[in-house]
Amino acid sequence: MRQIILDTETTGIDPREGHRLIEIGAVEMVNRRLTGRTYHQYINPERTIDAEAIEVHGITNEQVADEPVFAEIADAFWDFIRGGELVIHNAAFDVGFIDHEFSRLNAHRGEPKLGPVAEHCGILDTLQLARDKHPGQRNNLDALCKRYAIDNGHRVLHGALLDAEILADVYLAMTGGQTALLLDADGSEDGGVASPGTARVRRLSADRPSLAVVRPSEQEWAAHDAKLAAIRDKAGQCLWDGMPSS
């Protein structure tokens, strides 16, 4: 399964009031493994950014003044997300802005039309998933990081790509079941048994060495064969004999 963990930053709250996208960040995951492919783009919104929004994400009008407008990046962005399942925290907000941008674009261009998102992508809302798993609790991204022991200490202001990367860790922790033991960076036990539903996520480098394959020695094979022979003598059969040989 191909999933795109996605986040956006905007000039304000409501696209119906003329607010626009100013940043898109997304990371690709296939079969619950991050592939290393990302999409990140700042966008000139062709309008001013609300002061309240700047306080949240820290992106100023000057920072995006020389960035491309949405029409210039729309096709590349659409190619990145099309056909995948979008994993978004509070999906209605982000999808609403993306569809609004596509609608504005489609009104002034020919074929191919882009969007709507829900007709070409799956959508998984991690905020609703968190509310279902933790009713009555705070379920914003910071609260979930604390609940699942995910380090977001480097997150001072919001940023679309950073939030997408953190959300990927949160999503994997929320959907991966209970982890019995927490391990620190060197593999030693850290605190014993975890509280139910928690997991410490430590992302591994994509270029890490392959796992070593350890094959049995001749003496170990001989001991193995002797054990199977003893089982056959006592039980009259050995289930191991029915397994395909490598």
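**Confidence of the model**

Colour the protein chain by pLDDT, the predictor's confidence in each residue, from 0 to 100: the mean is 87, and 84% of the residues reach 70 or more. Next, select residues 178-199, where the pLDDT is below 50; beyond near neighbours in sequence, this stretch has 32 contacts in the model, a contact being heavy atoms within 4.5 Å. Where pLDDT is low, the predicted coordinates should not be read in detail.

This is a predicted model, in which local features need pLDDT of at least 70 and side-chain atom pairs count only at pLDDT 80 or more, whereas totals for chains, interfaces and linings use all residues. Residues are numbered from 1 along each chain as its sequence is written, and side-chain values use heavy atoms, with hydrogens and water left out.

**The hairpin**

Select residues 21-30 and 33-42, which are strands β2 and β3. Helices (H or I, at least four residues) and strands (E, at least two) are DSSP runs, numbered from the N terminus. β2 and β3 pair in the antiparallel sense over seven bridges; pairing requires that DSSP find at least two bridges between two strands. Display glutamate 23 and its bridge partner in β3, tyrosine 42. Then move to the turn: two residues separate the strands of this hairpin, and asparagine 31 in the turn has a positive phi of about 50°.

**The aromatic rings**

The structure holds six aromatic pairs. Rings of Phe, Tyr and Trp (its six-membered ring) pair if their centres lie within 6.5 Å; planes under 30 degrees apart count as stacked, over 60 as edge-to-face and the rest as tilted.

Select tyrosine 39 and phenylalanine 77, a tilted pair at 5.4 Å centre to centre with 45° between the planes. Tyrosine 39 lies in β3 and phenylalanine 77 in helix α3 (residues 70-81), so the pair ties together parts that are 38 residues apart in sequence. Tyrosine 39 is buried (under 20% relative accessible area; exposed is over 50%, partly exposed in between; 1.4 Å probe, protein chains only), at 10%. Phenylalanine 77 is also buried, at 0%.

Continue to tryptophan 78 and phenylalanine 102, an edge-to-face pair with 5.2 Å between centres and 80° between planes. This pair links helix α3 to helix α4 (residues 91-106), across 24 residues. Tryptophan 78 is buried at 3% relative accessibility, and phenylalanine 102 at 1%.

Finally, show Tyr39, Phe70, Phe77, Trp78, Phe80 and Phe102 together: ring pairs link them into a cluster.
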